[in-house]
Number of protein chains: 2
Amino acid sequence: MKEIKIFAPATVANLSCGFDVLGCCLDIIGDQMILRKNNQRKLRILRITGQELALEAKNNVATVAIIAMLEALDSTQGFDIEIDKKIKAGSGIGSSAASSSGAVYAVNKLLGDPFTLKELIPFAMEGERLASGNAHADNVAPALMGGFSLVKSYHPLEVLALPSPPELRLVILHPLIELRTKDSRAVIKQQVQLKDAIAQWGNLAAFVSGLYTNDYKLIGRSLQDKIIEPVRSILIPYFEELKTIALENGALGFGISGSGPSVFAMCKGDTIAASVKEAMHLFYKEKGIDFDLHQSKINTQGIKIL
Amino acid sequence: MKEIKIFAPATVANLSCGFDVLGCCLDIIGDQMILRKNNQRKLRILRITGQELALEAKNNVATVAIIAMLEALDSTQGFDIEIDKKIKAGSGIGSSAASSSGAVYAVNKLLGDPFTLKELIPFAMEGERLASGNAHADNVAPALMGGFSLVKSYHPLEVLALPSPPELRLVILHPLIELRTKDSRAVIKQQVQLKDAIAQWGNLAAFVSGLYTNDYKLIGRSLQDKIIEPVRSILIPYFEELKTIALENGALGFGISGSGPSVFAMCKGDTIAASVKEAMHLFYKEKGIDFDLHQSKINTQGIKIL
């Protein structure tokens, strides 16, 4: 294979109770990337549409991830890359993760699959390090593996695939305000109350149980966050009002996607998701804030070849 | 039914990664209790063997739990109670929980099951409040429900039953030293590092995943505790040496049972459990510390009628 075209999906990290360890993969919303081998022993980004991003290999998350991967393979193979960014940078739904995961997935395919999907995670994380200063895995893991991913530990890195109840839907609202991941991390306190931590791990454990048992209501009751949401939600316009609207319209739970500003409503089934989406649309429209709004299944496949 | 005789099992709470939210039920190790209705409208503890414990209804965890239950029923029924305590008070394997859970289970049976097992938990928790000043549920829930219990939240109280992989075994070593639950709680810091909390909830989520998938090795890798064990293990003689011995002999994981001083080694299968038990026996014997030592399956039934 000389050339490959892929769909690199958006992802939602943290999911209220799973700060820094949990993420899931979205359907429909994602970038398109074309990668092809060149004989120049160089990584060349030929074209990026949709967003203004760095084209130099050392400053783009896609190529930084590829560099880490090629170093591990001791390879000097060159690649030409075209990226059609549909996911806005800084939206909080894994824009950088889509690029870095998509890049290593595509290169892996073009080189005959020297790595498993799980083995690609550390390379994609190098893109995250460039994007936010923090090589987190809770976006790149679900982008690569699909469904829900649990980052059990970072030292050593261990990522688990969790089951995806079939009727889960996510409604994603992206307020078009600027909120840098670095700033969004800065508001977080490095010390937490033990009682809040206990509540958090009780909820995350229950959320995992809900995924295994398709217990949608339990999943909803577990989507709580007493640690990060109280400080981070202040940065998101009308967060509390949106949450109330989502829950009143039948959402199982509501929270911040990644480090924001996007928010998510988790719902059971398309009908409820559609009415939650509609209600959030009407509310934000009235407030005069520009936004993007999506409704998605859980993408259990991850990156797809087009 | 006028009289009932039951087996009230020992339990292991916390289990390293699940401080205050996780517990499991042991087999073989437990108290025997006889309860029978009387016509005196009084709760009378006729006899306690095995341990010196308060006989007055307001000062004994069994009767305090019954009082809470009878108040909820608006009942003045009297009961005579005989307790053969096999679980030593202050051992860290749910001695008070066995008494309070057993008491409310037996009274519930004698009254024709007005409550479900889950509904009995809050009454049994009143016994825990008397014993330790803290109405925790992570011993009484598994004692009543069997298997593994997750206390998802306390406000409102929500307890989940988790699956029990069939080959799990626990080796319990109880060093015969005095360690009061209150003292053991006092060493715990009320503020924790966010990074340690993240590691803890990653491990607990992975532990739950391991229970659902019978992944014994994952269960073992998840039995880690960076928050409580470092401060509490200091109170337990030769904790680190025991841990090394257990792991070297094939245990999946090792940690403190409840608030100690008992410790547990979780193992896969009887053969490994037996060799872990033997190695711990030899080590502690040599150190000249008195101890009790047990090997147990997970008791998936909980309290049993004899």
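1. Contact is taken here to mean heavy atoms within 4.5 Å. By that criterion, and leaving aside neighbours within four places in sequence, S16(A) is in contact with Q200(A), L223(A), Q224(A), D225(A), E229(A), F254(A), G255(A) and F264(A). S16(A) lies in the loop between strand 1 (3-13) and strand 2 of chain A; helices (H or I, at least four residues) and strands (E, at least two) are DSSP runs, numbered from the N terminus. At 5% relative accessibility, S16(A) counts as buried, where buried means under 20% relative accessible area, exposed over 50%, and partly exposed in between (1.4 Å probe, protein chains only).

2. The model is predicted: local features need pLDDT of at least 70, side-chain atom pairs count only at pLDDT 80 or more, and totals for chains, interfaces and linings use all residues. Residues are numbered from 1 along each chain as its sequence is written, chains are lettered from A and ligands numbered from 1 in the order in which they are written, and side-chain values use heavy atoms, with hydrogens and water left out.

3. On the arrangement of the copies, chain B can be laid on chain A by a turn of 180° and a shift of 0.0 Å along the axis, with an RMSD of 0.0 Å. The two copies are thus related as by a two-fold rotation axis. The superposition is by least squares on the C-alpha atoms of residues with pLDDT of at least 70 in both copies.

4. The contact takes 35 residues from chain A and 35 residues from chain B. Between them the chains bury about 2,900 Å², 66% of it on carbon and sulfur atoms; buried area is the accessible area (1.4 Å probe) that two parts lose on being put together, summed over both. In chain B, K152(B), L194(B) and W201(B) lose the most area to chain A, together 26% of what that side buries. Since 100% of the interface residues of chain B are also interface residues in chain A, the copies meet through the same surface.

5. Leaving aside neighbours within four places in sequence, its contacts include W201(A), G18(A), F19(A) and L194(B). W201(A) and W201(B) are also among the residues with the most contacts inside the largest nonpolar core, which has 164 residues. Such a core is a set of buried Ala, Val, Leu, Ile, Met, Phe, Trp, Tyr and Cys residues joined through side-chain atoms within 4.5 Å.

6. Helix 6 (residues 194-213) of chain A is mostly covered, with 16 of its 20 residues buried. Just after helix 6 of chain A, N214(A) takes a positive phi of about 50°.

7. Strand 5 (residues 148-154) of chain A has 6 of its 7 residues buried. Strand 5 of chain A pairs with strand 6 (residues 157-162) of chain A in the antiparallel sense over 6 bridges, pairing being defined by at least two DSSP bridges between two strands. The two strands form a hairpin with 2 residues between them. Strand 2 (residues 22-38) of chain A is joined to strand 5 of chain A by 3 bridges and runs antiparallel to it.

8. A cis peptide bond joins H155(A) and P156(A), with omega about 5°, and P156(A) is found in the loop between strand 5 and strand 6 of chain A. R41(A), although not a glycine, has a positive phi of about 55°; at 65% relative accessibility, R41(A) counts as exposed.
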